[in-house]
Amino acid sequence: MKKFNTPAYQAEKDFKQHPHLEEQLENAWSNYVKYCTINSIMGNPWSSTYDHPRSWYYDPLVDNVIPTEQNTVPIQWNAFPNRINHYFTELFTKEFGGTDYEDKLHELADIGPAAFGKKYNMDLTVPKNPCDSSDTGTKPFGPSGPRGWQDEYCEWAVTRDENGDIIAVDFTHENPEYWFHMWKVSPDIVVSLYQEILNNKNVKKEDLYLLDSNGNPVIVRETGEPAYNPINKWNNGPDATPEGGGAVHLTSPPNSLGAEIYLGAAATILRVKNNQVITDANTLICAAQYGQIYRNSDPRIGQNVNSLVYNHQQQITLTNPIALYGQVPDFDQFEMPATAGSYKIEDCYTVVRGEERNKGITFYPFNMLLHTRFSVPKGANFKLSEIKVKGKLLKWGSQIADTFFVQLAGTGKNLHKENSLKNFLR
């Protein structure tokens, strides 16, 4: 492999009319992922114990291993923020009753802890150190940020009509680093992509500038141009309106590509407690400190990578093109209203960015979705809010998030037929 490709090979589309800029972006992107890979293999030998060397994670630019169906496995998790379920199911059952607690969990996942706490006069706190049961301290539920609590590498924004009914939900899995690199190559293309994704020609370049405390653009010394603000007015919060909001790419602090690669490499180190190799997902998180306990994503990624090393004695790398990819929802969990006529739930589903199937030159399992949207087809005689999800009317975007998975993939090195990773899935 000569370079790391952009997520779902998206640069080929984003810069189709500008091949010289596409080459510039792809080279810069590959260098960035290479840096993340080298940094992740190094680990932290300076201030963290037992975090180096991470010799079971390999660099695919150095070790020429081609991803195939035999040596590559998917790692998937549910897109709904599991820490909401873990910390608040019991509390909400007591506060709202056995029939309403699920609705309130979905509402929290949509509007966030600050708005939810204010609405219901509740102080949503979690253990300060969930890995230490003797620590009785608490802290506000997070992570911070306008969509910080949506921390499963899936964030969404909901568009509602004047009656408060859902008319669209946008889901994004795109890492912010890709957009930083695009901005450096061509801010104008970034602006045009915002306008296209949001279907809003009102997006202006200055809307995307990072501003200082005096409201002036922060200038990047390297380029002399204004810096990009990933939490700008059009990629900010869980609501989308004509005046602002929307979900273009990920913004929650844990939802970054660098964190994903670092986690993958850290998880290759086997951990032992009381002379027993640790295999439990959350115990591994606490031992290695490579992510957040009780998430769907971090524990699942760490446990799967760790298990591949431990059970199969294989060096592992995240599969190119490295990214977080949404998966197609389980449409069987949806029920259309009688007014839908011949329309099916699939007609309400659009792939905005990415691909349902890999179109690259090497193997990548399942879907490579970067941005998807639920909305009613033009001319249809029903509302999105009339659709049922798992038997209940659609009120919250998180109800949809509960029907699909997010994925990355890992590729093993030097596999033997009898030790195929394909057998690991059985």
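Analyst: Let's start with one idea: two strands count as paired if DSSP finds at least two bridges between them. Keep that in mind as we walk through this structure, which is a predicted model.

User: Happy to. Which strand does S11 join, and over how many bridges?

Analyst: Strand S11 (residues 325-326) is joined to S17 by two bridges, and the two run antiparallel.

User: What other strands pair with S17?

Analyst: Strand S1 (residues 72-78) is one of them, joined to S17 by seven bridges in an antiparallel arrangement. There, Pro74 has Ala409 as its bridge partner. Strand S10 (residues 316-318) also pairs with S17, antiparallel, over three bridges, and Thr317 is partnered by Thr411.

User: Is S17 mostly covered or mostly open?

Analyst: For burial, the cut-off is under 20% relative accessible area. By that criterion, seven of the eight residues of S17 (residues 405-412) are buried, so the strand is mostly covered. Strand S5 (residues 166-172) is mostly covered too, with six of its seven residues buried.

User: Let's follow S5, then. How many bridges does it make with S4, and in which sense?

Analyst: Strand S4 (residues 155-160) pairs with S5 over six bridges in the antiparallel sense, with Phe171 as the bridge partner of Trp156. The two strands form a hairpin with five residues between them, and Gly164 in the turn has a positive phi of about 90 degrees. S5 is also joined to strand S14 (residues 368-375) by five antiparallel bridges; Ala168 stands opposite Ser375 there.

User: How do I read a strand order such as S12-S15-S16?

Analyst: Read it as neighbours across the sheet: these three strands form an open, antiparallel sheet in that order. Strands S12 (334-335) and S16 (392-393) are the edges, each pairing on one side only. S12 meets strand S15 (residues 388-389) over two bridges, with Glu335 partnered by Lys388.

User: Now a helix. What span does H2 reach, and what is expected?

Analyst: Helix H2 (residues 19-42) has 24 residues and reaches 34 Å from its first C-alpha to its last, close to the 34 Å expected at 1.5 Å a residue.

User: Which residues of H2 are buried, and what do they pack against?

Analyst: The buried residues include Leu21, Leu25, Trp29, Tyr32 and Val33, along with Glu22 and Glu26. The buried residues of H2 pack against helices H1 (11-14), H6 (176-185), H7 (187-198) and H8 (257-266).

Notes. Residues numbered from 1 in each chain as written. Predicted model: local features only at pLDDT ≥ 70, side-chain atom pairs only at ≥ 80, totals over all residues. Heavy atoms only, no water. Helix = DSSP H or I, 4+ residues; strand = E, 2+ residues; numbered from the N terminus. Expected span 1.5 Å × (residues − 1). Buried < 20%, exposed > 50% of the residue type's maximum accessible area, 1.4 Å probe, protein only. Contact = heavy atoms within 4.5 Å.
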